[in-house]
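Here's a quick briefing to read alongside the model. Grab your viewer and follow along.

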Amino acid sequence: MRLELSAEDQAFRKEMREFFTTQVPEEIRTAVLDGRELSKEQVVESQRALNAGGLAVPGWPVEWGGRDWSQLQRHLWHEEMQAAGVPLPLPFNTSMIGPVIAHFGSQEVKERFLPPTANLDIWWSQGFSEPDAGSDLAGLRTTAVRDGDDWVVNGQKTWTTLGQHGDWIFTLVRTDPEAKKQLGISMLLIDMTSPGVEVRPIQLIDGGHEVNEVWFTDVRVPGENLVGEVNQGWTMAKFLLGNERVGVAPVGSVKRMLVRAKQVGGDRLADPLLRARIADLENELLALELTTLRVVAHSAGGAPHPASSVLKLRGTELQQAASELLLDLAGPQSLASGADPDAGGTDAPGWARRAAPTYLNLRKASIYGGSNEIQRQIIARTILGL
Amino acid sequence: MRLELSAEDQAFRKEMREFFTTQVPEEIRTAVLDGRELSKEQVVESQRALNAGGLAVPGWPVEWGGRDWSQLQRHLWHEEMQAAGVPLPLPFNTSMIGPVIAHFGSQEVKERFLPPTANLDIWWSQGFSEPDAGSDLAGLRTTAVRDGDDWVVNGQKTWTTLGQHGDWIFTLVRTDPEAKKQLGISMLLIDMTSPGVEVRPIQLIDGGHEVNEVWFTDVRVPGENLVGEVNQGWTMAKFLLGNERVGVAPVGSVKRMLVRAKQVGGDRLADPLLRARIADLENELLALELTTLRVVAHSAGGAPHPASSVLKLRGTELQQAASELLLDLAGPQSLASGADPDAGGTDAPGWARRAAPTYLNLRKASIYGGSNEIQRQIIARTILGL
Amino acid sequence: MDFTYDDEQIALRDAVRGLLARKYSDFEQRRRQVAEDPGFDESLWGELAEMGVLGLPFSEDDGGMGAGPVEVAIVATELGRVIAPEPFLSSVVLAGGLVALAGTPEQRTEVLGSLASGERVLALAHLEPGDPVTATPSGDSWTLSGVKEPVVHGARADQVVVSATRPDGSLGLFLVEGDAATRAGYSSYDGGRAARISFEDTTAVALGDPETDGAPLLEQALAGARIAACHEMLGGMEVALSATTDYLKSRKQFGVTLNTFQALNFRAADMYVSLELARSTALWASMVHATGDAAATREAAARAGLHVGKAARHIGQDAIQLHGGIAMTAEYLVGNITARLTVLERFLGDGDHLSVLAAGIDDHAALDPIPEPTA
Amino acid sequence: MDFTYDDEQIALRDAVRGLLARKYSDFEQRRRQVAEDPGFDESLWGELAEMGVLGLPFSEDDGGMGAGPVEVAIVATELGRVIAPEPFLSSVVLAGGLVALAGTPEQRTEVLGSLASGERVLALAHLEPGDPVTATPSGDSWTLSGVKEPVVHGARADQVVVSATRPDGSLGLFLVEGDAATRAGYSSYDGGRAARISFEDTTAVALGDPETDGAPLLEQALAGARIAACHEMLGGMEVALSATTDYLKSRKQFGVTLNTFQALNFRAADMYVSLELARSTALWASMVHATGDAAATREAAARAGLHVGKAARHIGQDAIQLHGGIAMTAEYLVGNITARLTVLERFLGDGDHLSVLAAGIDDHAALDPIPEPTA
């Protein structure tokens, strides 16, 4: 039991802080800290800066740019990045398909894809969910049928986050229609410029365009784009979904929201009820952050720590509560969400205009990536044996 | 839609208020308002005063002492009684076995039992729950076997509230061991002074003795003590459990607790967080009381309004929350729960000494009488069709 | 005490529901409507006028129907059920309500008459992003300076009721022609419309007696609008819950319908509890309002606002959660209801009901929702 | 940063757990023990002394073991798991802790030495039901007047540490022989013992320098005890949750075991979430305490107190609910754990952690649980 970081970890933390605050453009970091949206170009620029410093894909195998860090160091990297306002490396690239290719891919596939994936030369999209396969991936219907050396893909994916930026998409496709539910599924990499791929935007209740439907109509995919073995997709999906321990809980993002609440609270911070609400959220977040630190300290590779579900569950609850706090602070000013400040169209500050869309958008946090009901189920079954 | 009471109901309310505040001894009412326990004699004395005024059993058929009131009048009777600190008529007598006998009993059984039941000359106990039949009464094991004109009863009942005061006990017993679960059950009235009846106290976590186990060993019960027909017990149990619409939500008791919180809050009432907590509870209670009024206004005999489950669920939640508020106000003074104030053994006031036992005791509120899980199940199934 | 509607009230409800169903029973229609300015259907507005809905709360002398808060609540509930974007709440209940309270007989006849007939849309400008708007006398009329925002439906309004600080520091109420001020309209996240309105020595007419303190009148109009907003929320919550239970019964996951999962059913049950308690409180508040007791109405508005607001968060949030991803999409009704509930809880400008009620806990020993007879 | 115990700490935990299991693994034993005064097992107390547990936090010079807050927390957790009634928290951590902070070297050696050896039981009297207890100098010693209540284990204590107001208004700390005051002991609802202690010109000795302000020392001792109490709660919560999950797996209703019901399993999952977050906070607070930073320790105690207290309510209440009636009975462990959690959250006298933290939100932009290096 020791509160302080070791001298080595202290030095590590300092090094990270220095890199992030000097090597990533301030304009990008300020936008993140203010809660503004980034352009695709900014996301790419930031990740390339990280990659240049060897800090984009620390979790990968060392030969592909990974770092042999402890879990605590991974955590410090992640937290310092967020504290500095550095956008997190694109998760589809760095914590989803990258590790899968590194683990399951052939040498050829690794060489072809891993360097551009780390450097965000390829922007990956995720093609898992389908209209009838949400929390339950076993209901997948998109098919890939062998035709010579190629696969011919037909079907529809949905909830493809930022699919409009995607260069390539990693998909789960049904390659054996006879096999039981999860057995006949494979992982296929598809160039999104291929004929027959169509991306259709889904507008969300926050007014934004963040997710998409992706339709595949007789899309021909070269055989070498299959990752690992045929019908091994379910194994890879489980690997992918259980891969990430660090950063499951959005501690940094909630912290930023609470800092913002205090900055913009103004006179209202004299209200004891508001102060108590902030103090309570800060204290809940502290408990979450400490639990994150405790979990990373106990993780040593291999299977995900079951407490990841605790982090996801509580993390999204706090994220939603913090967004609700900001929305309440914005009050009627939040109505100006669609106003154009530049043309003198509103006096409402940016944070207040973004408050309601953010609040609405974050309702997704407890649905996507394994809903909070799924997390409770995992806790009850896996940890408590119920 | 009208806020005010009709002139008739206004007069009714006034009449009730006058009766309760003049015809029931003040000593008893003050004890109730202060949250002190009553002796058996006080409960009996109060109910006899009500019965003398024709106000003990208004829900019964008129020929047995009932009143032909509207549901709203029943509600006003109930609320005014509580506001005046009049102990509610013993529910085992007035809202459980009394209505069952009046509905299902033979003329002979009615004549024999109803008058002393209304006047609390007989103190009834309830013998439904068994160790393996809690929320699920189908698991009953206590048996009654015919022997000549008598029934011979063997088995064990539990959670018998105030069984230590009981003169008679109404029981559900299995009279047909072959019949499916709920079909072979009958309702039997048993004199608790019969040989073979043994009452054993169950001590609760609040330190009190409020419930009991009742053991039956070869207890002979005359055949005429059967209510209704043989194997009709399940019908009567459902009738009994669904009988009471008025008073499901403990509005009066929560109201008293909130009044007390404001009385004893003292200097702490300057704390805005405490004030907000009280104000919020008052407002939640208002919503509950209004819902009670709305439900009684729509009820006209027959099946219980499904919203009864809403009242029970929310009512117990608020009761527990109010007891938690009083416990927090008592703080460390609540530790003096076992002190004897008369011998100079403590300076802690009575409400503070009772705060923790009351808080612990009220944990039962969401368990007994159909747990809150059962209530949610009823709402989901019966009302929402899920 | 009686929580039931009479036959006339039921007929009003059915008529409004029928009219709105023709327009908005297909949610796609509502989406299309709010995509174009002014964000609502002018012809439907006309039909509401013909039905008498736009003059509902005003006296017959003022060109209205002489109905009361209960009828207003009935209409608001129906609008809430289809989240109709028509400005009934902002224009009729709030702005019109303030004119009815504060206007001279002539103003009431003129303004409310044309409001009731659908000729004129009103808006109330009372919220300020910065310094208070000031009013300066200028001959028989006044000039206003400063900025009001957000003004719901402020860009479309033919006439704007404006609160402004008079030279003596008191609050005055004024009427301004819509096009006399600089207006920047925009869409809100619920598809509704609001505006920033800037006054620069803009000519205004005093609403009612120019000496009267406008603050209590404004408060009273806001209280009435809060109670109506609670009913609009109630309508939205009703539909959000029934959509959720329908979804649980029909949507399959893991090979079975979602209502196989007890934890989801229990959450739906908790939503029902919230809804029914909120309904009681909102109905009660409208009955209190109907008594005409201004102080009691303000308190009832705060009580209903606090309680219904909590219920709206609970139901709005859980309706999305129990649906899952589909309720996040703009084309699905439920998430849009949540957005609308979110606006309705906040657009009137103060969300401080709990603080207000907390300040008042010493005023009573116990709350009694049934008034004692006054004589 | 490291949340793991070292081998010595694990050995301590196992030794204490083993000793307590011999006495209290059968809950009926604990029931019998608290039914008779003094409400705990004197011979077990002696065994704890022999094991070195009663001198754990005190320096070796003072007759202690020279261990720290982490070791104290380990012992408290084990006591909490069996809700052992022995006065470790009140006598060793709180009263002993204050003597260690405030006493002269001679007092420390004498008082803590006999506390560690089990010869002497201490109590701290700091809570007052009415007017403050006053201290008046009288030659070399002092006299105290007034009432303290509740004093946990005050009737059994051989010596009582008393806070009292000196003539100049400052807070002094004093030592009083147990039998010198009028004591009325009683049982609390958790089976523990407390007392009203009345001082009437009772002779007392100043603890430490009679000029020193005792208030910050008292606060510091309370902070240490709060952190230890959080661990005692943690132990209770662990067992309450595991008893609950065992019950859900074995108890049948409607012909199936209770863990067939998803809604119950989900509530157990939420209890687990509360428990693990509380564990992190409590462990962290003991590590902060171990750094010796008094101000940071007070803040950490408030943070842990708020967070663990909320978790204790949640887990204590839901453990009973998920069990049903059986957990309401005095002979079943779980309800008794809830009673004990209820005491532990309140017995130190202030439950105002949230107000304290709310007052301090301007002191930092964001909280960082990892201290920056001080050089």
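Let's start with a contact: the side chains of A:R48 and A:D121 meet in a salt bridge at 3.0 Å, N to O (a salt bridge being a side-chain nitrogen of Lys or Arg within 4 Å of a carboxyl oxygen of Asp or Glu). The pair ties together distant parts of the chain, 73 residues apart. Keep in mind that this is a predicted model, where local features need pLDDT of at least 70, side-chain atom pairs count only at pLDDT 80 or more, and totals for chains, interfaces and linings use all residues. Residues are numbered from 1 along each chain as its sequence is written, chains are lettered from A and ligands numbered from 1 in the order in which they are written, and side-chain values use heavy atoms, with hydrogens and water left out.

- A:R48 sits in helix 3 (residues 40-52) of chain A, and A:D121 in the loop between helix 6 (107-118) and strand 1 (124-127); helices (H or I, at least four residues) and strands (E, at least two) are DSSP runs, numbered from the N terminus.
- A:R48 counts as partly exposed because its relative accessibility is 36%; buried means under 20% relative accessible area, exposed over 50%, and partly exposed in between (1.4 Å probe, protein chains only).
- A:D121 is partly exposed too, with a relative accessible area of 42%.
- Why do such pairs form at all? Side chains of opposite charge can pair when their charged atoms come close.
- Searching the whole structure turns up 95 salt bridges over all chains.

**Salt bridges between chains**

- D:K310 and A:D280 join their side chains in a salt bridge of 3.0 Å, N to O.
- D:K310 has a relative accessible area of 34%, so it is partly exposed.
- B:R13 and C:D368 also meet through their side chains in a salt bridge, this one at 2.8 Å, N to O.
- Here the crossing goes from helix 1 (residues 7-23) of chain B, where B:R13 lies, to the segment after helix 11 (353-359) of chain C, where C:D368 lies.
- Buried or exposed: which is B:R13? B:R13 is buried, at a relative accessible area of 6%, while C:D368 is partly exposed at 36%.
- One network is built from salt bridges that share partners, and its members are A:D280, A:E284, A:R314, A:E317, A:R376, D:D270 and D:K310.

**Symmetry**

- Chain C superposes on chain D (RMSD 0.0 Å) by a rotation of 180 degrees with 0.0 Å of shift along its axis; copies are superposed by least squares on the C-alpha atoms of residues with pLDDT of at least 70 in both.
- That's the relation of a two-fold axis.
- In chain C, C:A263 has the C-alpha nearest the axis, 2.0 Å from it.

- Most residues other than glycine have a negative phi, and most peptide bonds are trans.
- Going from C:E149 to C:P150, the peptide bond is cis, with omega near -10 degrees, and C:P150 belongs to strand 3 (residues 141-152) of chain C.
- The bond from D:D37 to D:P38 is cis as well, with omega near 5 degrees; look for D:P38 in the loop between helix 2 (27-35) and helix 3 (42-50) of chain D.
- A:D218 isn't a glycine, yet has a positive phi of about 50 degrees. Find A:D218 in strand 7 of chain A, where A:D218 counts as exposed at 52% relative accessibility.
- A:N231, not a glycine either, has a positive phi of about 65 degrees. A:N231 lies in the loop between strand 8 and helix 7 (233-241) of chain A and is partly exposed, with a relative accessible area of 30%.

**A buried leucine**

- A:L335 is in the loop between helix 10 (308-330) and helix 11 (350-361) of chain A, and counts as buried at 2% relative accessibility.
- Between A:L335 and A:L5 there are 330 residues in sequence and 45 Å in space, C-alpha to C-alpha.
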